[in-house]
Amino acid sequence: MTEAAELPPAPEQARDVFGDRFADAVRYAELLAEAGVKRGLIGPREVPRLWERHLLNCAVLSEVVPEGVTVCDVGSGAGLPGIPLALVREDLKITLLEPLLRRTNFLTEVVELLGLDHVTVVRGRAEEVMGKLPPVHVVTARAVAPLDRLATWGIPLLRPYGEMLALKGDTAEDELKSAATALSKLGAVGTSILHVGEGVVDPLSTVVRVEVGESPGGVRFAAKRAKAARTGRARRRR
């Protein structure tokens, strides 16, 4: 009948990765395979590989996220990587940022159903919420846009000395080279390509890490951030 029947059983690695939240991870996979497909959030051909290509591929990002930090998942879509990350890391405070209403409705339902009290869903575009959301330690993203464009959205949301972690595929090295000038203008002070998920996913998940200095977004966004902060203070005084 349904796409749910095509969802394979969870691999053994999933029990180790998700631990006490394994049952919630299974429920999330079922929601993606059922409601996610019906609402057009994920393609039906992805259902047979939901575990390896999507849930586990995203969950292993936790290996490089520091403890107890704030995270903004930009263009969260169906919740990837934000929700798998939230399931394995309850020490994080995560914002799922997504502009489309049908997706934020789905994300809100998932967060409530799974009892993810450390997760907030916000509808909006990254360029619209700068100054309205508190700057975060870490920005995450997956399959949102080429790195240079993604950086213009994600880096300005960071606090000083934060980092952007973008899940990428085979194009990671080429994208990083192409984006070098743009990243420098946006205040990046260091970049690297990391491979995570040893013993969990094959191939390993590829993460592009972009570290920023004291002015995330560079000079252009410093002015915007200051203006947004002044506007916020004025509103609070009213």
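Predicted model: local features only at pLDDT ≥ 70, side-chain atom pairs only at ≥ 80, totals over all residues.

Author: The peptide bond that joins L80 and P81 is cis, with omega at about 10 degrees. A cis peptide bond also joins D202 and P203, where omega is about 5 degrees, and P203 lies in the loop between β6 (188-196) and β7 (205-212). Another backbone feature concerns A143, which has a positive phi of about 55 degrees although this residue is not a glycine; A143 lies in the loop between β4 (136-142) and α7 (147-154).

Turning to the helices, α2 (residues 22-38) takes part in a contact with α3 (residues 50-59), the axes of the two coming within 12 Å and crossing at roughly 120 degrees. Since angles of 65 to 115 degrees count as roughly perpendicular and those over 145 as roughly antiparallel, α2 is therefore oblique to α3. The crossing of α2 and α3 is right-handed, and the contact is made by A25, V26, Y28, A29, L32 and A33 on the α2 side and by L50, W51 and L55 on the α3 side. By class, this contact of α2 with α3 has 9 nonpolar residues, with no polar and no charged ones.

Helix α2 also packs with helix α5 (residues 101-114), here at an angle of about 150 degrees and with the axes 11 Å apart. An angle over 145 degrees counts as roughly antiparallel, and α2 and α5 are therefore roughly antiparallel to each other. The crossing of α2 and α5 is right-handed. In this contact D24, R27, Y28, L31, L32, A35 and G36 in α2 meet F106, V110, L113 and L114 in α5, and the residues involved divide into 8 nonpolar, 1 polar and 2 charged. Y28 and L32 are named on the α2 side of the contact with α3 and are also among the α2 residues that meet α5.

W51, one of the α3 residues in the contact with α2, has a further partner in the aromatic ring of F18. The count of aromatic pairs in the model comes to 1, and in that pair F18 and W51 are edge-to-face, at 6.4 Å centre to centre and with 70 degrees between the planes. The pair links distant parts of the chain, for F18 is in helix α1 (residues 12-18) and W51 is in helix α3, 33 residues apart.

As to how far the model can be read, the mean pLDDT of the chain is 92, and 90% of its residues reach 70 or more. Over residues 1-5, however, pLDDT stays under 50, and for this stretch the model has 5 contacts beyond four places in sequence.

Notes. Residues numbered from 1 in each chain as written. Heavy atoms only, no water. Axes fitted to C-alpha atoms, helices over the stretch in contact; angles between N-to-C directions. Helix = DSSP H or I, 4+ residues; strand = E, 2+ residues; numbered from the N terminus. Parallel < 35°, antiparallel > 145°, perpendicular 65-115°, else oblique. Left-handed = near helix turned anticlockwise from the far one by under 90°. Contact = heavy atoms within 4.5 Å. Nonpolar A, V, L, I, M, F, W, Y, C, P; charged D, E, K, R; others polar. pLDDT = per-residue confidence, 0-100. Phe/Tyr/Trp six-rings, centres within 6.5 Å; stacked < 30°, edge-to-face > 60°.
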